[in-house]
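Open the model in your viewer and keep the selection tool handy.

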Amino acid sequence: MKSHLEPDRELREDLTGQVVAYLADWYDRASEMEAWGIDLDPETLEELRQPPAEEGRDLESILSKLTVAGKAGIYHPSGGHMSYIPNAGMYTAALADFLATGLNRYSGVANAAPGFTAIEHGVIDWFISIFELGPDSAGLLMSGGSMANFTGIVTARTAVLGEHFTRGVLYVTPHTHHSAAKAARLAGFRSDQIVRVDVDDDLRMDVNRLSERIALDRVEGKRPLLVIASAGSTDTGTVDPLDEIADITSSEGLWLHIDAAYGGFFQLTERGKRALHGIERADSLSLDPHKGLSIPFGVGALLVRDEAALVDAHEGRGAYLRDEDSYMGLRDISSLGPELSRPSRGLSVWLPLQLHGVAPFRAALDSSLDLAEHAYRRLRTIDGIDARWAPDLSVVAFMFDNDELGRSAWAAVNADRTVHLSPTIIDDRFVLRFAILNRRSTVEHVDHAIDIIEKTLIG
Ligand SMILES: Cc1ncc(COP(=O)(O)O)c(C=O)c1O
């Protein structure tokens, strides 16, 4: 009997054609599109939540629902999107995802799809080489930076303290991404085991304070375990003093986890490499291809200097699986992390890199650095703006002499819809930020937003 779930070739081509046409329109408009959309009304939201009917309907009407759903919120493909951490996405990576889910090969264990496993390990090998972590390193692609931080923390916990970690202490700063503290709690640490080390005037982890605090904790009989440093904080793009922190962690026998989810891929550029000096000393490193490489959401990465530590932390095997956890030297990806069944994430990074080469990715990152420098230089010239932090990477954070005026300037930029900005709070002060990581962002976008800010300040 013919199944509705098995469309014939003609229908498959028709359905695919409709989706491709739908996306073509979206991508044609990407460069010029506004940065964010209209709010949906409660009835529409309710309508979008309706359960499926017993009988299906045509794709055209389903796509029209998607159009309605897509109107609200931030338009990530827009070059004007400079809030939070942007990600423009990439058509060719979407094609890779289509292939990955279309082929539906199993990438949890290597013998189910050895070629796909090799592709994914190859992507990780390339990341390891960019950061020069050394020949014993390993890693895996995960759903994002939060999961990479979580898995890095679990690996550090197991490697340094084994199963007895109730006296362990982790060190972060007030600017460490909140996913690190969340991950630590999920990994079984109490909140009093997570110490926030003060930052200096440039918002970098104060290494003297770090040393003092480690010494104090040892005197109190605690077990300092792990420092989580930022290679580009989300709030301000600040890079902690990685080399100095690595000196401390290596002399104290602590694990160094570096959260490079936002900033890591700037390592592909000369300027980024200088700013990230010391990153090569990480014991573990979180990366987000779905930030710095523009790969569509759902791809983060964890790299670990010592593969054995990663494997130890994730031991566990069902009797129904083969005894070996590798195939011709290719390790099962499931033995490196918490997931067994997982998408073939490797393809969405591998295909665009094979197709385009590395150069355009590097150029896009360089262009973000250029735009950040431009924004910073202009903001420095404006009366009423306190641009005290030179950008380490591509986030430009600045204050206003008057916070209320700052809030008005922010509202005016977003009301115009060409550019979308999101602020943060530092020491109770309102801080606005240009988060520049979208390859479609131009100097015109940046100048347009700064013109609006300037106008608001002049009154
Ligand atoms: C520095 C940093 N770390 C971790 C994360 C969390 O990453 P994800 O959203 O991919 O889980 C983010 C997200 O913006 C980030 O900027």
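Select helix α6 (residues 145–161): this helix gives the most to the shell around the ligand, with three residues. Helices here are DSSP runs of H or I with at least four residues, strands are E runs of at least two, and both are numbered from the N terminus. This is a predicted model, in which local features need pLDDT of at least 70 and side-chain atom pairs count only at pLDDT 80 or more, while totals for chains, interfaces and linings use all residues. Residues are numbered from 1 along each chain as its sequence is written, and side-chain values use heavy atoms, with hydrogens and water left out.

Now show the whole shell. The ligand is surrounded by 15 residues, each with a heavy atom within 4 Å of it. Ser146, Thr234, Asp259, Asp288 and His290 are the closest.

In each, a polar side-chain atom faces a ligand oxygen atom: for serine 146 the distance is 2.6 Å, for aspartate 288 it is 2.7 Å, and for histidine 290 it is 2.8 Å. Of the 390 Å² of accessible area that the ligand has on its own, the protein covers 83% (Shrake-Rupley method, 1.4 Å probe). Besides α6, helix α11 (289–292) also gives two or more residues to the shell.

Move on to the seven-stranded sheet. This open, mixed sheet has the order β1-β7-β6-β5-β4-β2-β3; strands pair if DSSP finds at least two bridges between them. β1 (138–142) and β3 (194–196) stand at the edges with a single partner strand each, so one side of each has no neighbour in the sheet.

Zoom in on β6 (residues 284–287) and β7 (residues 300–304), which run antiparallel and are joined by four bridges. Serine 286 sits opposite leucine 302 of β7.

Four strands make an open antiparallel sheet, ordered β10-β11-β13-β12, with β10 (385–386) and β12 (424–426) at the edges. Five bridges link β11 (residues 395–400) to β13 (residues 429–435); select valine 396 and its bridge partner in β13, phenylalanine 434. Across β10, β11 and β13 lies helix α14 (residues 359–380).

Definitions and conventions: Contact = heavy atoms within 4.5 Å. Axes fitted to C-alpha atoms, helices over the stretch in contact; angles between N-to-C directions. Polar contact = N/O pair within 3.5 Å; in protein donor to acceptor, adjacent residues only side chain to side chain.
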